[in-house]
Amino acid sequence: QVQLVESGGGLVQAGGSLRLSCAASGSRGSIRTMGWYRQAPGSQRELVATIGSGGITNYPDSVKGRFTISRDNAKNTVYLQMNSLKPADTAVYYCNALIREVLRTYETWGQGTQVTVSS
């Protein structure tokens with residue numbers, strides 16, 4: 001079983017930057033697509049960014065050009081570089097991964113990390 005541990009959240013002023021990290025540990029199955037999602041109070045969880053095992057990325061228009069997802073397979077870590085942050089980016093950010101192991105394919109989530117952008 002792969003576990004995801006997130007770090008890097010915090011409080012930042014509008015226009016500032018944060019870099020989130022999500023480290024995978026445990027089983028050494030193939031980590032396929034990884035992604036970041038966020039959820040603001042009273043809102044549904046929404047996609048922030050995804051990155052496939054081959055490096056193909058996907059972003060919604062709300063973050064395109066400001067956020068960059070990347071992964072370091074040697075470190076089993078995915079990152080989210082967030083620049084030009086806006087108060088609307090305030091949310092709990094969750095790391096997600098699709099893992100292919102020998103006998104199963106499954107999805108797992110991190111615990112979430114709070115990002116707060118002040119105006």
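## Exercises on a predicted model

An open sheet here has four strands in the order 1-3-8-7, paired antiparallel. The model is predicted: local features need pLDDT of at least 70, side-chain atom pairs count only at pLDDT 80 or more, and totals for chains, interfaces and linings use all residues. Residues are numbered from 1 along each chain as its sequence is written, and side-chain values use heavy atoms, with hydrogens and water left out.

**Exercise 1. Find which strands stand at the edges of the sheet.**

Step 1. Strands are DSSP runs (E, at least two residues), numbered from the N terminus. Two strands pair if DSSP finds at least two bridges between them.

Step 2. Look for strands with a single partner. Strand 1 (2-7) and strand 7 (67-72) each have one partner strand, so one side of each is left without a neighbour in the sheet.

Step 3. From one strand to the next it averages 15°. Axes are lines fitted to C-alpha atoms, and angles run from 0 to 180 degrees between N-to-C directions.

**Exercise 2. Describe how strand 8 pairs with strand 3 and with strand 7.**

Step 1. Take strand 3 (residues 18-26). It pairs with strand 8 (residues 77-82) in the antiparallel sense, over six bridges. Leu20 has Leu80 as its bridge partner in strand 8.

Step 2. Take strand 7. Six bridges join strand 7 to strand 8, again antiparallel. Ser70 has Tyr79 as its bridge partner in strand 8.

Step 3. Check the cover. Five of the six residues of strand 8 are buried. Buried means under 20% relative accessible area, exposed over 50%, and partly exposed in between (1.4 Å probe, protein chains only).

**Exercise 3. Characterise the disulfide of Cys22 and Cys95.**

Step 1. Search the whole structure. One disulfide turns up. The cut-off is a pair of cysteine sulfur atoms within 2.5 Å.

Step 2. Read the geometry. The sulfur atoms of Cys22 and Cys95 are 2.2 Å apart. The torsion about the S-S bond is about -85°, so the disulfide is left-handed.

Step 3. Cys22 is in strand 3 and Cys95 in strand 9, 73 residues apart. Both Cys22 and Cys95 are buried.

**Exercise 4. Which residues have the most contacts inside the largest nonpolar core, and what surrounds Asn96?**

Step 1. Define the core. It is a set of buried Ala, Val, Leu, Ile, Met, Phe, Trp, Tyr and Cys residues joined through side-chain atoms within 4.5 Å.

Step 2. The largest core has 29 residues, and Trp36, Leu80, Met82 and Tyr93 have the most contacts inside it. Strand 9 gives the largest share, five residues.

Step 3. Turn to Asn96. Asn96 lies in strand 9 (residues 91-100) and is buried, at 5% relative accessible area. Not counting residues up to four places away in sequence, Asn96 touches several residues, among them Leu4, Tyr37 and Trp109. Contact means heavy atoms within 4.5 Å.
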